[in-house]
Amino acid sequence: MNEQELIEKIAYNVIQGRVVAEDEGFNEGLEGQPAVTELMEQAVEQNIDAKKLVVECLTGSMEDVGEKYDKGIYLIPDMLASAECVGAAMDILGPRLAKAGIESKGRFILATVAGDLHDIGKNIVGIMLKGAGFEVIDLGNDVSADHIVEETRKNNAQFLGLSALLTTTMREMEKVVKALQNEGIRDKVRVLIGGAPTSDKFAKQIGADAYCRDAFHAVDILRKMNI
Amino acid sequence: MIIIGEQINATRSDVKPIIENRREDKLIELAQKLAKAGATYIDVNIGTGKGTRNDEVDDMRWAIKTISDKVDIPLCIDSADAAVIEAGLEARENKPAMINSTKAEKKHLECIVPLAGRYNTSLVALAMDESGIPKTPEERVAACRKIADWCAKYDVPMENVFFDPLVLPVVTDRMQCLLTLNTLVMIKKEFAEAKTVIGLSNVSFGLPARAMLNAAFLQMAMYAGLDAAIMDPLNKTLMQAIRTGEALVGKDRHFRKYTRKFR
């Protein structure tokens, strides 16, 4: 397979959500054929430029997946399968990217705020961000404002994603923003929030940088921030 | 879930004339229908109870050859007679096959288990012996153990063995279903590499709305570790039970099968 064919094949399999050869894809009858893991290993063997592989196999494919999800063609498991492909590809490419001096897009802290145990949405966001090239540090759920601020500072994180699914816990987000201010690191980190009861208006009100409707919206917003 | 389509059974009034009259076209049509519906294996039982042993040998050879030539699907050769089974295996010409079945009974162990080794096929192993169907899970597992010993002797690897914990109608004994399930759990625990199979529809014999009972039982058995079922792949309720059951016990990666069926 020449370079272009291989790149197209990897991109196709990311969209199909096939991590390894035995995986089924969104389309029927693909099981048994080489998938993202096998193809990416071949690409590395053929010395195809790692950055090119990220841009042409992963980024564009995930945009496609996002579009399909928005239109309701893809469901959550389809999206997660594709994100898993990106994760597998990044595991293979990681050492090469580091060697080539290509850095991650930034360190991203994720947390569901204190009192709130919901984490499904946050976890999906985490997978998507990894796929988009961020280094994700997930603090879990029911995380206190103090702990979030401490981890943000300790890790020199450029991004902080907060999740809350309850009207009673969304107020915690405001506490986190204030705590960042009190610690004097508010201007060093961009705060993105999400979760069912939150909104654009709420984000502005508490002084967050952006509200994200879902995981794809989050990736989209980050792109618009020119990251 | 490994689905073993049960329709090609000469005790059924619609199948009997196909075998008796050697209706190649009808046999192939039925096999194709089962394959298309999602069967992993097709069970072939040509015994009508009427003919001689030689008739059965001929019928089995004809049926297996006819299907093997036209439909690309593993076949499950269903007979209690080693000679009939061997005729089917020969006609299969090394394509994937399963033998259905052996018991922990001397005659079977001596004649049928070696066939599974020699032809490198899967083997359904019934949890029963000379004295019939044991009444406790422990005794049923003991029968399985006996078969496992013979399998080791004749080079039948455990991953080729499908232990059947046995299913009896629940209508005459309300504890039968639980007995099967408990046996299933014990078999999975003792023979981790082996697979398990049940003849599903027995459970609902004599009761109305059988597909509903079969579906409920199937899902309980899936939780208990069931790998295969001899069943009707054309039955929508059952196939839905498999898709939903697999999705819930973590056997449907990325929910591909489930979403493909219901999206």
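The model is predicted. Chain B holds 10 helices and eight strands, and its radius of gyration of 18 Å is close to the 18 Å that the globule rule gives for 263 residues, so chain B is as compact as a globular protein of that length.

**Chain B as a whole**

- Taken along the principal axes, the C-alpha atoms of chain B fill a box of roughly 45 × 45 × 35 Å.
- Of the 263 residues in chain B, 52% are buried.
- When contacts in chain B between residues at least 6 apart in sequence are considered, 67% of them join residues that are at least 24 apart.

**One residue in chain B**

- B:Q176 belongs to helix 7 of chain B, which covers residues 176-190.
- The relative accessible area of B:Q176 is 10%, and because buried means under 20%, B:Q176 counts as buried.
- Leaving aside residues up to four places away in sequence, B:Q176 touches B:R140, B:L168, B:P169 and B:V170.

**How helices 2 and 3 of chain B meet**

- Two packed helices are described by the angle between their axes and the distance between the axes.
- In chain B, the axes of helix 2 (residues 24-37) and helix 3 (residues 53-70) come within 10 Å and cross at roughly 60°, which makes helix 2 of chain B oblique to helix 3 of chain B.
- The crossing of helix 2 of chain B with helix 3 of chain B is right-handed.
- From helix 2 of chain B, the residues B:E24, B:L27, B:I28, B:A31 and B:Q32 meet B:W62, B:A63, B:T66, B:I67 and B:K70 of helix 3 of chain B, and by class this contact has six nonpolar, two polar and two charged residues.

**How helices 4 and 5 of chain A meet**

- In chain A, helix 4 (residues 76-99) and helix 5 (residues 120-131) have axes that come within 8 Å and cross at roughly 40°, which makes helix 4 of chain A oblique to helix 5 of chain A.
- Helix 4 of chain A and helix 5 of chain A form a left-handed crossing.
- On the side of helix 4 of chain A the contact is made by A:I76, A:M79, A:L80, A:A83, A:E84, A:V86 and A:M90, while helix 5 of chain A contributes A:I124, A:I127, A:M128, A:K130 and A:G131.
- The residues in this contact of helix 4 of chain A with helix 5 of chain A divide into nine nonpolar, one polar and two charged.

Note on methods
Residues numbered from 1 in each chain as written. Chains lettered and ligands numbered in written order. Predicted model: local features only at pLDDT ≥ 70, side-chain atom pairs only at ≥ 80, totals over all residues. Heavy atoms only, no water. Axes fitted to C-alpha atoms, helices over the stretch in contact; angles between N-to-C directions. Helix = DSSP H or I, 4+ residues; strand = E, 2+ residues; numbered from the N terminus. Parallel < 35°, antiparallel > 145°, perpendicular 65-115°, else oblique. Left-handed = near helix turned anticlockwise from the far one by under 90°. Contact = heavy atoms within 4.5 Å. Nonpolar A, V, L, I, M, F, W, Y, C, P; charged D, E, K, R; others polar. Rg over C-alpha atoms; globule rule 2.2 N^0.38 Å. Buried < 20%, exposed > 50% of the residue type's maximum accessible area, 1.4 Å probe, protein only.
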